[in-house]
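Work through the exercises below with the sequence and the model open beside you. Each task sentence is followed by a solution that goes step by step.

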Amino acid sequence: IMGYTERDIIEHPTIQFDIWVNPEDRARLVQGLEKDGVVLNLEARFRAKDGSIKYGLMSASAIEIEGVPHIFSIARDITESKQMQAQLHQLAFYDELTNLPNRRLLNDRLSQSMAASKRSGCHGALMFLDLDNFKLLNDTHGHAVGDMLLIEVTDRLRHCVREVDTVARFGGDEFVVIISELDADKSESITQANIIAEKIRAALAKPIVLKVQKEGEAETIIAHQCTASIGAALFCKHDSSLEDILKWADAAMY
């Protein structure tokens with residue numbers, strides 16, 4: 001599984017090969033053996049000989065052979081299973097085209113932001129964005145070009161916000177931005193939210209140049225002017241629902 005030969009490993013301790021990606025996993029194994037003499041189903045990441053990372057499910061017990069203490073362990077390779085789990089998580093919570101959080105993950109992020117706002121007393125803001133000229137581009141040049149535009153818009157939106165904020169694709173050409181940790185003062189939070197919204201508006205208003213290459217044809221350059229309608233709603237220490245905040249921002253956008 002790890003790519004080592006018998007000659008590589010016989011009479012050498014595993015720690016010599018730096019196979020434990022996280023040293024804390026090895027520490028948990030040792031602690032469990034010292035305490036109980038056995039460890040069952042320890043999930044850990046291991047570094048193979050070629051540097052690739054493997055996921056293993058390990059069980060081990062402390063034994064004696066001719067009076068000498070040993071560790072007897074069995075590890076099962078669960079790398080494929082973990083990769084499938086990650087793919088299912090990606091499909092469930094992220095938009096396939098833009099890799100942005102989808103509606104399901106958006107709801108979770110908004111709930112977290114609302115809870116944090118209640119604890120801190122600081123306002124948060126939710127912005128609803130709709131691209132104004134998207135349908136025209138889609139109808140004129142096709143969905144592939146429309147997808148390229150959405151990817152470019154995604155990149156620009158990400159550069160307008162902080163890591164603590166969330167950009168999500170709501171569907172079609174609609175995006176949602178959650179701005180966390182504004183000010184405790186409402187008027188100051190409105191000012192801050194307006195500054196961010198204007199930054200987004202200005203970033204999206206810059207001409208977008210798309211390079212289209214169809215098989216057997218010369219490369220085509222498409223210049224598109226993309227504007228966006230933006231509506232924002234503040235939230236703080238109130239009991240409004242997640243759905244209410246989305247509706248307020250949507251109404252503000254229109």
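## Pockets, a loop residue and a strand pair

The second largest pocket has a volume of about 210 Å³. This is a predicted model, in which local features need pLDDT of at least 70 and side-chain atom pairs count only at pLDDT 80 or more, while totals for chains, interfaces and linings use all residues. Residues are numbered from 1 along each chain as its sequence is written, and side-chain values use heavy atoms, with hydrogens and water left out.

**Exercise 1.** Determine which helix gives the most to the lining of the second largest pocket.

*Solution.* Begin with the term: on a 1 Å grid over the protein atoms alone, a pocket is an open set of points where a 1.4 Å probe fits, with protein on both sides within 12 Å along at least five of seven lines, and lining residues have an atom within 4 Å of a point. A volume is the space filled by probe spheres set on the points, which are joined across faces, edges and corners. The lining comprises 15 residues, with Gln 112, Ser 113, Ala 116, Val 164 and Ser 180 nearest the centre. Helix 4 (residues 103-120) contributes six residues, the most of any element.

**Exercise 2.** State the volume of the largest pocket and find which strand supplies the largest share of its lining.

*Solution.* The volume is about 980 Å³. The lining has 33 residues, and those nearest the centre are His 12, Thr 14, Ile 19, Met 58 and Ser 73. Helix 2 (23-36), strand 2 (53-65) and strand 3 (68-77) each provide at least two lining residues, and the largest share, nine residues, belongs to strand 3.

**Exercise 3.** Decide whether Asp 95 is buried or exposed.

*Solution.* First place the residue: Asp 95 sits in the loop between helix 3 (79-93) and helix 4. Then apply the cut-offs, where buried means under 20% relative accessible area, exposed over 50%, and partly exposed in between (1.4 Å probe, protein chains only). Asp 95 counts as buried because its relative accessibility is 16%. Leaving aside residues up to four places away in sequence, Asp 95 touches Leu 100, Pro 101, Asn 102 and Arg 169, where contact means heavy atoms within 4.5 Å.

**Exercise 4.** Identify in which sense strand 7 and strand 8 pair.

*Solution.* Strand 7 (residues 208-212) and strand 8 (residues 220-224) are antiparallel, over five bridges, and Ile 208 has His 224 as its bridge partner. Ile 208, Leu 210 and Val 212 form the covered face of strand 7, whereas Val 209 and Lys 211 form the uncovered one.

Note on methods:
Helices (H or I, at least four residues) and strands (E, at least two) are DSSP runs, numbered from the N terminus. Two strands pair if DSSP finds at least two bridges between them.
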